[in-house]
Amino acid sequence: MPPFLLRATLAALLTLPLAAPAQPSYPARAITLVVPFAPGGGTDSIARDIAKNLGERLGQPVVVDNRGGAGGAIGAAAVAKAPADGYTLLFATSTFITNAAVEAKLPYDPLKDFAPVAMIGRGPLLLVVSRQVGATSVAQLVAAARAQPQGLNYCSAGNGSINHLAGEMFRQRAGLELTHVPFKGSGPATVELLAGRVDLFFATVPTILAQVREGKLPLLAVTSARRSPLFPDTPTVAEAGLPGFEVGTWWGVLAPGKTPKAIVDALNRAVNEAAAAEPMPGRLEHEGASAVRLTPAAFGEELRKELALWRGIATGSGLRHK
């Protein structure tokens, strides 16, 4: 090759961009699914079913990491501070929003510091009462509460829980005197309700289903917009006299804020597929819940609406901690 042609060829090669190193496809390693509650509970069990199904679809292990405490805030804070790369996710429940509605000084913003991925399912609460109350309908419960100088009391799994704010909404909408009695979990609350030391409970279906079916606790109403297939003869709270009363518990997956859209979209598809595979549909049906398939944007809108609702309830009662 003539010298001038060699120089021209070398110059042309030097102007070509260097090839970028190949980026590994997502996911390239194990994913951590943070469950912000202690192991062994109903939420933990659902999370583990989802983790197994999700791992099969993504081709990488999905490892459950239980970080309980502070109403779920400890686990949520860990995910909010994690790298936004799709390898640390939060298994969230409705308490993620209700806790944020009550606590103003959380170490994270529930909307800005998280990227909604997918909602898995949604279910009602069951309004049950102790036998000592003597009520078999919402109307009788309201009458019993108004007949007592100090009203009645209601229990919950703790301050800021979905049971707590559902009871507070009921108190406001019905215009009653009700005293909140928080416990460290739904188990102790159920024990006290069965013993007649507390009066009523807006309980999740897994918490109270056995006691209702065994006739140990009267079921007065369900909090969903429609009647539950598990109890087709039981009215909704709205049907029983409080129009517009609708409360639900849900499960979903969130990623740290600023997680790339491509990763969020990939996770959305995988979580939706994982939720549609057994044992999840049967599990949700058994617990009176229904599967939900939302886009990340639609899930985010649900979170915004719920936060506004519960902050209104908490602020109206002076529950919001400043």
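These legends describe close-up views of the cavities and pockets in a predicted model.

**View 1. The largest cavity.** The model holds two cavities of 30 Å³ or more. About 40 Å³ of space lies in the largest of them. Its lining is made up of Pro36, Phe37, Gly71, Gly72, Ala76, Leu90, Thr93, Thr95 and Phe96. Strand E3 (88–93) and helix H4 (95–102) are the elements that each give two or more residues to this lining. By class, five lining residues are nonpolar, four are polar and none is charged.

**View 2. The second largest cavity.** This cavity has a volume of about 30 Å³. Around it are Gly123, Pro124, Val205, Pro206, Thr249, Trp251, Glu287 and Ala289. Two or more of the lining residues come from each of strand E4 (114–129), helix H8 (205–213) and strand E9 (248–256). The lining has five nonpolar residues, two polar and one charged.

**View 3. The largest pocket.** The space in this pocket is about 880 Å³. It is lined by 36 residues, and Phe37, Thr43, Ala157, Gly185 and Ser186 are the closest to its centre. Elements giving two or more residues to the lining include helix H2 (42–58), helix H6 (162–174) and helix H7 (186–194). The lining divides into 11 nonpolar, 23 polar and two charged residues.

**View 4. The second largest pocket.** Its volume is about 600 Å³. Of its 27 lining residues, Arg122, Ser224, Ala225, Glu246 and Gly248 lie nearest the centre. Helix H11 (296–316) is one of the elements that give two or more residues to the lining, and H11 gives the most, with five. The classes here are 11 nonpolar, seven polar and nine charged residues.

Terms used: Residues are numbered from 1 along each chain as its sequence is written. This is a predicted model: local features need pLDDT of at least 70, side-chain atom pairs count only at pLDDT 80 or more; totals for chains, interfaces and linings use all residues. Side-chain values use heavy atoms; hydrogens and water are left out. On a 1 Å grid over the protein atoms alone, a cavity is a set of points where a 1.4 Å probe fits but cannot get out, and a pocket is an open set with protein on both sides within 12 Å along at least five of seven lines; lining residues have an atom within 4 Å of a point. Grid points are joined across faces, edges and corners, and a volume is the space filled by probe spheres set on the points. Helices (H or I, at least four residues) and strands (E, at least two) are DSSP runs, numbered from the N terminus. Ala, Val, Leu, Ile, Met, Phe, Trp, Tyr, Cys and Pro count as nonpolar, Asp, Glu, Lys and Arg as charged, and the others, Gly among them, as polar.
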